[in-house]
Amino acid sequence: MGNDTKEIKMAKKLKEPTQRQLRVGEEIRHILADIFMRRDFDDQILGDVSITVTEVDVAPDMRNATAYVSPLGGSIIEADIITELNKQTYIFSKAIAKRLTMKFTPKIKFSSDNRFDYADKIENLLKKI
């Protein structure tokens with residue numbers, strides 16, 4: 001019986017996101033993309049960099065969200081951009097709260113999207129074979 005309980009707990013951890021989580025994540029992604037496109041933030045470091053929001057994962061409790069971003073061009077290191085975005089989450093949270101019709105606005109955390117790098121790595125490994 002002990003193994004069955006562990007398997008159920010593992011299955012819950014690996015559970016797919018609900019339709020609501022996906023919908024809210026996509027809505028937040030659109031809002032953030034609009035903010036970055038319009039440059040609705042005041043920051044000298046981020047001023048000359050185009051930022052793409054590739055995905056937003058919302059936690060099951062809808063209180064936290066991780067926005068995966070990828071900077072395009074510019075001469076600034078990606079880690080610096082992520083750090084700067086995380087310092088200014090209040091600006092983005094305020095803008096999201098104005099446009100999102102939910103009781104609570106999810107707390108946003110920015111993270112680097114490494115999927116493209118990972119895909120290139122896999123592709124290069126497959127070419128070697």
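## The largest pocket

A pocket is an open set of grid points where a 1.4 Å probe fits, with protein on both sides within 12 Å along at least five of seven lines, and its lining residues have an atom within 4 Å of a point. The model described here is predicted. Its largest pocket has a volume of about 280 Å³. The lining is made up of 18 residues, and those nearest the centre of the pocket are Glu55, Val56, Asp57, Val58 and Thr66.

Sorted by class, the lining of this pocket comprises seven nonpolar, six charged and five polar residues. Helix α2 and the strands β1, β2 and β3 each contribute at least two residues to the lining.

## The sheet

The three strands form an open sheet in the order β1-β2-β3, and the pairing is mixed. Strands β1 (50–58) and β3 (107–112) are the edges, each pairing on one side only. On average, neighbouring strands of this sheet are turned by 30 degrees against each other, direction ignored.

## Strand pairs

Strands β1 and β2 run antiparallel and are joined by eight bridges. Asp57 has Thr66 in β2 as its bridge partner, and Val53 stands opposite Val69 in β2. The two strands form a hairpin, with five residues between them. In the turn of this hairpin, Met62 has a positive phi of about 65 degrees.

Strand β2 (residues 64–72) runs parallel to β3, and six bridges join the two.

The structure holds four salt bridges. One of the contacts of this kind joins the side chains of Arg29 and Glu26, at 2.7 Å from N to O. Arg29 and Glu26 are separated by about one helical turn because they lie three residues apart in helix α2.

Technical notes: Residues are numbered from 1 along each chain as its sequence is written. This is a predicted model: local features need pLDDT of at least 70, side-chain atom pairs count only at pLDDT 80 or more; totals for chains, interfaces and linings use all residues. Side-chain values use heavy atoms; hydrogens and water are left out. Two strands pair if DSSP finds at least two bridges between them. Helices (H or I, at least four residues) and strands (E, at least two) are DSSP runs, numbered from the N terminus. Axes are lines fitted to C-alpha atoms, for helices over the stretch in contact, and angles run from 0 to 180 degrees between N-to-C directions. On a 1 Å grid over the protein atoms alone, a cavity is a set of points where a 1.4 Å probe fits but cannot get out, and a pocket is an open set with protein on both sides within 12 Å along at least five of seven lines; lining residues have an atom within 4 Å of a point. Grid points are joined across faces, edges and corners, and a volume is the space filled by probe spheres set on the points. Ala, Val, Leu, Ile, Met, Phe, Trp, Tyr, Cys and Pro count as nonpolar, Asp, Glu, Lys and Arg as charged, and the others, Gly among them, as polar.
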